[in-house]
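Have a look at the chain below. The report that follows starts with one residue and then widens out.

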Amino acid sequence: AKGEVNSYLGFLHFQSVTEGYNSTIFAYGQTGSGKSFTMQGVVDPSTQKGIIPRAFEHIFESIQCAENAKFLVRASYLEIYNEDIRDLLGADTKQKLE
């Protein structure tokens, strides 16, 4: 079921990204409810991949198939916890953003 949900969400959001639109996936819930696992998943087995790796696969496969087009890919991975915001792709993931 997780793969089906990810595939459906991924197709809707990430197909529009390859057409020039911005997209956001926002995971919200209690601590320990599975937000990180839903977003990241695990590499093996591949059926347990999360939304992020599936999105990157879809986006970059679409880019490879595109002809006569240029793409600029930007990604953010932010954590909001107790009203503190952290950039999880930044050099210092412990540093709070303002």
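T31 sits in the loop between α1 (2–17) and α2 (35–40). Helices here are DSSP runs of H or I with at least four residues, strands are runs of E with at least two, and numbering starts at the N terminus. G34 also lies in the loop between α1 and α2.

This is a predicted model: local features need pLDDT of at least 70, side-chain atom pairs count only at pLDDT 80 or more, and totals for chains, interfaces and linings use all residues. Residues are numbered from 1 along each chain as its sequence is written, and side-chain values use heavy atoms, without hydrogens and water.

How covered are these residues? Buried means under 20% relative accessible area, exposed means over 50%, and partly exposed is in between (1.4 Å probe, protein chains only).

| Residue | Relative accessible area | Class |
|---|---|---|
| T31 | 68% | exposed |
| G34 | 30% | partly exposed |
| A55 | 5% | buried |

A55 belongs to helix α3 (residues 51–65).

Now the whole protein chain. It has 3 helices and 3 strands. From the N terminus on, the order is α-α-α-β-β-β. Of its 98 residues, 13% are buried. Take the contacts (heavy atoms within 4.5 Å) with a separation of 6 or more: residues 24 or more positions apart account for 34% of them. The accessible surface (Shrake-Rupley method, 1.4 Å probe) comes to about 8,000 Å², and 52% of this belongs to carbon and sulfur atoms.
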